[in-house]
Amino acid sequence: MNKLGLIINKEYSTRVKNKKFILTTLLTPLGFLLFFVVVVFIFSHESDKTYKVAILDQSGTEIVMPESNSRFIFTESNLPLDSLKSQCKNSEIDAVWLLPKFTGVDVKHYSTYYYTDKTLDIEMESRLSKYLTQSIRKYKIQQLQLNQTELDKLNTEIIIDPEPVQENVQDKSSYTSKIATILGGIMGYVIFFIIFLYGAAVMRAVTEEKINRIVEVIISSASSTELMLGKIIGVGLVGLTQIVIWLVLIPIIYIGVLYFAGFDQSQLQSISTNMDPNAMDKMEDMQLVIRELANLNWVKIFFIFLLYFIGGYVIYAALFAAIGAAVGDDINDSQSLTMFVSIPIILAIYIMFQCIREPDSSLAMFSSMFPLFSPIVMPALLAFDPPWWQVTISLILLLAFGYFVVWIAARIFRTGILMYGKKASFKELSKWIFTKQ
Amino acid sequence: MHTYKSIGNNSTNRIKLAASKSKENMKGLLTLDRVIKDYDQLRAVDQISFEVPDSCIFGLLGPNGAGKTSLIRIITGITRADSGTVFLQGQPINTLQNPSIGYMPEERGLYKKMKVGEQLIYLCRLKGKSAAEAKQSVTNWMERFEIMSWWNKKVEELSKGMSQKVQFIATVVHDPSLIILDEPFSGLDPINSNLIKDVIIDLKNKGAAILFSTHRMEQVEELCEQIVLINKGKAVLQGLVKEIRHQFKEHLFELVMNPSEGISWDGYADLLSTQNDVSIIRLAENRKSNEILQHIISQNIDIVSFKEIYPTFNDIFIRTVNESNHE
């Protein structure tokens, strides 16, 4: 085995065999699951809390009583306001909703009074006003002697189906962009996550080795560039291993919990319906989504995703390695230098979110080419099927820039790794790039 | 092939050559030929040349910041000389890290989380040995040091002295022909110091050259056959230890007599001090030790003991460094 191979093997195997690695790899999906359970719990807990609301109807319109549900228990009351208020004080009921005289069908603004010592949160307020709006709408329809079926005919659902102008281009449905947005967001986020987590791991490994002083023994055996690349590749492979394990574990745990731990699908769906109460025709939607997902060129997306994954990881890991070599004996020194590498990554994630909203914008075009952003932005745009020349130029720039960054990082690394004491200033760093060995 | 940059003839030759052997007679395992290394404004290594033969313990001496580490890094291939050449076994060293060198830096370090056996095998394989060779060699060395039970211990579990032993094995495990040791005894108790010392002598007898850098001059006297003393990047003193000591002797003698007082020296020698019946005298120039002895005996005084005082390497070191600082 050559030296690079030996170093990669050492970096990989000592990490993968580490108990901490095994624990975090296995526990992280459980952590996510716990998070998920807590979210479900929070949502279901909120709907458990009920409010007893007494409605004091003085509107004179025979308003249809809103139906009680898990959230609200409505009772119509004829008692005077004061005695209802004292019921409130005694906690027999939570609120009194006073509906004053409703003057006629022409009324556009109708003020009602909600007596309570508890907070009236935004969600409750909007629900209550929705009940009343519907009741009054029914009352007005009745008063105006309108025909409900005719009224329903007024509502039209609009679908904007994008169609290609050029021939031989795949037809897209209205779901294409929605799916692409979600998929793109996930891909960009995954790369962001990996760069940050494992780039920082490379930096830590380099600094530890420097502080340990073993580095002098190592680079009398192998070149500093071999050492740097060995670390970057070794840690990168650890990252890939971890992700593959998670990709297998997470669905298994998810399914396992769904079927054995008593969570049923409806409970989970209630979360999504809470968020999107207007979702309808679920079955039809699902079929469309599946058809759209099947239409995507997965082989191409996966292959290009992998290229950007490697390119982005190598660029940032090399920068992190250079920083790791430049810091002094105190590992906390790295923070101020790390910032300069972290900022482009964080910027890239914000740009990525903007780009998936407007994939044809010039921002998307520029940032998908700029090598510090492209590893996060371009994978997010892949599902929008960007033109091949854009991908090609972006990849060429990524490759050239990657090569350049590794070259610079290697030069900073080989000088920095042998410097003890204070952390290096930017002036010194730039000098190291040009010093001869 | 290699052209040497001249740094000018006006650089005065301050090198005191105690031994004037010609290059042909010396079988140099390691040869440095006018090596120069500059850092920014500082010339860390200035025209240094010396040869380390096979089977030799060679002292690389110098005050802190003299350029020893810079020189060692050039020899180990960690950095490159700006000019001049380093030959190892007759071949010029390029930047490729040479597997026939074993280097133990002053700043010790091992992977703390790695197990001892695994770590030694890794370091040995990095020097180009196969997995099987590495395992065999690590086993042999750990048995020799009687530390086989540490094989599966992590380095962080070891004491300082223990990890020092592991570090030493890491330096020699790949059977190097040139072993560079920077303060190898620091932090070791006398028992372990002796153990390592014996191993160093044994390695020397088997043909290895040992480049030994230290500030402990008594170790230089005890172990080294040759030295080079570096100050401010320049070699200010080099040669055989025996001859250097001879060169630096000041004709001082320690004398115990009975009676210890009332001698007339008559220009044979100067009495420098007398303490507890021990007199220190300096022989006058052109006088021999036998002459002063005869002169004392002729005065009917018993000589209890008489021995020449050689300068310690400590004195030689301090004198040479101070002189070169004032030049």
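Visitor: How far apart do the C-alpha centres of domain 1 of chain A and domain 2 of chain A lie?
Guide: They lie 55 Å apart. This is a predicted model, in which local features need pLDDT of at least 70, side-chain atom pairs count only at pLDDT 80 or more, and totals for chains, interfaces and linings use all residues. Residues are numbered from 1 along each chain as its sequence is written, while chains are lettered from A and ligands numbered from 1 in the order in which they are written.

Visitor: What makes up domain 1 and domain 2 of chain A?
Guide: Domain 1 covers 49-152, and domain 2 covers 175-261 + 281-434. Such bounds come from an automatic or database domain assignment. In chain B, domain 1 is 16-246 and domain 2 is 250-309. Their C-alpha centres are 44 Å apart.

Visitor: Why is α11(A) called roughly antiparallel to α14(A)?
Guide: Helix α11 (residues 298-326) and helix α14 (residues 374-381) of chain A pack at about 170°. Roughly antiparallel means over 145 degrees (under 35 is roughly parallel, 65 to 115 roughly perpendicular, the rest oblique). The angle therefore makes α11(A) roughly antiparallel to α14(A).

Visitor: How are the axes of these helices set, and how far apart are they?
Guide: They are 9 Å apart. Each axis is a line fitted to C-alpha atoms over the stretch in contact, and angles run from 0 to 180 degrees between N-to-C directions. The helices themselves are DSSP runs, numbered from the N terminus (H or I, at least four residues; strands are E, at least two).

Visitor: Which residues of α11(A) and α14(A) make the contact?
Guide: Phe305(A), Tyr308(A), Gly311(A) and Gly312(A) come from α11(A). Ser374(A), Pro375(A), Ile376(A), Met378(A) and Pro379(A) come from α14(A). Contact means that C-beta atoms, placed from the backbone, lie within 7 Å. By class, six are nonpolar, three polar and none charged. Ala, Val, Leu, Ile, Met, Phe, Trp, Tyr, Cys and Pro count as nonpolar; Asp, Glu, Lys and Arg as charged; the others, Gly among them, as polar.

Visitor: How do you know whether Ala317(A) is buried or exposed?
Guide: Count the other C-beta atoms within 10 Å, again placed from the backbone: 20 or more is buried, 12 or fewer exposed, in between partly exposed. Ala317(A) has 31, so Ala317(A) is buried. Ala317(A) sits in helix α11 of chain A. Beyond its neighbours within four places in sequence, its contacts are Tyr198(A), Gly199(A), Val202(A), Ile232(A), Val235(A) and Gly236(A). Gly236(A) is 81 residues away along the chain, yet the two C-alpha atoms are 8.7 Å apart.

Visitor: What about Gln145(A), buried or exposed?
Guide: Gln145(A) has 6 C-beta neighbours inside 10 Å, so Gln145(A) counts as exposed. Gln145(A) lies in the loop between α4 (122-143) and α5 (148-154) of chain A. Its phi is near 55°, a positive value in a residue other than glycine. Most residues other than glycine have a negative phi.

Visitor: Why does Gln47(B) count as buried?
Guide: Gln47(B) has 22 C-beta neighbours inside 10 Å, so Gln47(B) passes as buried. Gln47(B) is part of strand β3 (residues 42-53) of chain B. Gln47(B) is not a glycine, but has a positive phi of about 55°.

Visitor: What kind of peptide bond joins Asn258(B) and Pro259(B)?
Guide: A cis bond, with omega about -10°. Pro259(B) is in the loop between β12 (252-258) and β13 (269-275) of chain B.

Visitor: How many residues does each chain give to the contact between chains A and B?
Guide: Chain B gives 24 and chain A gives 15. The largest share of the chain B side, four residues, comes from α2(B).

Technical notes
Contact = placed C-beta atoms within 7 Å.
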